[in-house]
Amino acid sequence: MCMKNYWLTLSFIICLASCNSHSPHWEAISQVESYIEERPDSALVVLEQIVPSELSSIEEKAKYSLLYSMALDKNFVDKTDFEVLQPAIDYYKDNGSATDKLRTYYYQGRIYQNAGNDAAAMECFVNAIYNGKESNDILTKARTYFAQSHIYYSLYEWDNFIEANKNSALLFKESGMINSYANCLNRIINGYTLKEEPNSAWPYIYECKTLLQDMSISRLTEFYASYLTYLTNFGTEQEMNEILQEYISAVPSYMIDRLTIANAYLKMNNYNEALSVLSEYDTSSDVAKERKYLSIISDIYQGLEDHKRALESYKKYIILADSIDSAIYTQDT
């Protein structure tokens with residue numbers, strides 16, 4: 001009986017040792033983790049050279065799975081299935097550090113988001129924040145809040161949208177990611193503009209103005225669009241004109257938001273200029289933008305007293321708006 005117990009114990013120890021041993025790839029995997037943020041393209045090259053079947057332990061397979069998913073996402077490869085990430089999901093559910101859990105839930109949420117399942121994505125993001133409280137990976141935390149804000153925006157939940165972007169902004173600023181920080185500020189401005197709270201939006205406009213020299217062209221474009229939209233709703237015609245000219249001179253013409261420019265001209269009753277701006281606009285780019293386009297073009301035709309075209313555009317707007325709102329209200333996020 002004792003001999004039997006001895007062999008059982010020995011077998012268990014051998015099994016345990018084999019489960020926790022590392023393959024020759026472990027060093028490369030560990031190194032990838034140290035530079036994946038700065039050089040995601042290099043990380044992806046290294047990880048794609050590793051054959052998963054050659055990995056020896058469950059922990060090793062989970063770490064590889066997580067880093068590979070991170071590298072794919074950072075290289076703009078949008079996965080919609082869990083083939084790569086599943087070992088990490090299975091292992092880090094009950095094991096690993098707070099950072100491992102944070103990252104696994106976040107990238108699981110990103111996959112759900114890519115697949116269009118916002119309800120499941122939001123659940124993952126909530127779990128990421130909860131389980132990653134002790135993690136010092138502030139960038140993944142920032143991205144988690146930012147990902148949540150996308151879902152809140154699609155549901156017209158402006159308070160939650162603003163709060164998520166505020167949380168994300170603080171973390172991006174802390175990590176020195178000024179361009180990402182400015183992006184969150186732009187979105188907060190948009191949120192308060194949609195809520196018709198100009199006084200709440202103004203401090204964030206002021207903060208963005210101090211960052212103009214540090215913004216990329218894309219962020220600069222977004223800021224001017226946000227600022228001009230704010231002024232279209234709450235500013236004077238003189239203020240709109242000043243920022244409109246500043247916008248046009250600071251940003252390449254192909255990057256200018258024509259809907260925002262046209263709406264500003266519409267607000268100033270310059271209908272012909274507004275119509276001219278929209279004559280080069282691609283209406284097929286985005287459903288939400290198409291709805292905005294139809295709303296603006298309908299008002300332009302109304303201003304030009306072309307009532308037939310105004311009515312046609314308005315009818316299209318109503319049909320599209322109803323379909324978008326119906327899709328939103330049926331979600332259970």
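Predicted model: local features only at pLDDT ≥ 70, side-chain atom pairs only at ≥ 80, totals over all residues.

Reply: Residues are numbered from 1 along each chain as its sequence is written, and side-chain values use heavy atoms, with hydrogens and water left out.

Me: Which helix supplies the largest share of the lining of the second largest pocket?

Reply: A pocket here is an open set of points on a 1 Å grid over the protein atoms alone, with protein on both sides within 12 Å along at least five of seven lines, and lining residues have an atom within 4 Å of a point. This one holds about 540 Å³, where volume is the space filled by probe spheres set on the points, joined across faces, edges and corners. Helices (DSSP runs of H or I, at least four residues, numbered from the N terminus) that each give at least two lining residues are helix 4 (58-74), helix 6 (98-114), helix 8 (138-154) and helix 10 (178-194). The largest share, 4 residues, comes from helix 8.

Me: How many charged residues are in that lining of the second largest pocket?

Reply: The lining has 18 residues, with D73, K74, F76, Y106 and R143 nearest the pocket centre. Sorting them, Ala, Val, Leu, Ile, Met, Phe, Trp, Tyr, Cys and Pro count as nonpolar, Asp, Glu, Lys and Arg as charged, and the others, Gly among them, as polar. That gives 8 nonpolar, 3 polar and, for the charged class, 7.

Me: How much space lies in the largest cavity?

Reply: A cavity is a set of points where a 1.4 Å probe fits but cannot get out, and the structure holds 1 of 30 Å³ or more. Its lining has 13 residues, with S69, D73, K79, Y107 and I111 closest to the centre. Helix 6 gives the largest share of that lining, 4 residues. The volume comes to about 90 Å³.

Me: What kind of aromatic pair do Y281 and Y293 form?

Reply: Rings of Phe, Tyr and Trp (its six-membered ring) pair if their centres lie within 6.5 Å; planes under 30 degrees apart count as stacked, over 60 as edge-to-face and the rest as tilted. The whole structure has 19 such pairs. Y281 lies in the loop between helix 15 (271-278) and helix 16 (287-303) and Y293 in helix 16, so the pair ties together parts that are 12 residues apart in sequence. With 5.7 Å centre to centre and 20° between the planes, the pair is stacked.

Me: Which ring does the charged end of R39 sit over?

Reply: The test wants NZ of Lys or CZ of Arg within 6 Å of the ring centre and within 35 degrees of the ring normal. For R39, the charged end is 4.3 Å from the centre of the ring of Y35.

Me: Is F76 buried or exposed?

Reply: F76 sits in the loop between helix 4 and helix 5 (86-92), and its phi is near 65°, a positive value in a residue other than glycine. Buried means under 20% relative accessible area, exposed over 50%, partly exposed in between (1.4 Å probe, protein chains only). At 73% relative accessibility, F76 counts as exposed.

Me: What is the phi of E196 near?

Reply: E196 is in the loop between helix 10 and helix 11 (198-209). At 62% relative accessibility, E196 counts as exposed. Its phi, a positive value in a residue other than glycine, is near 60°.
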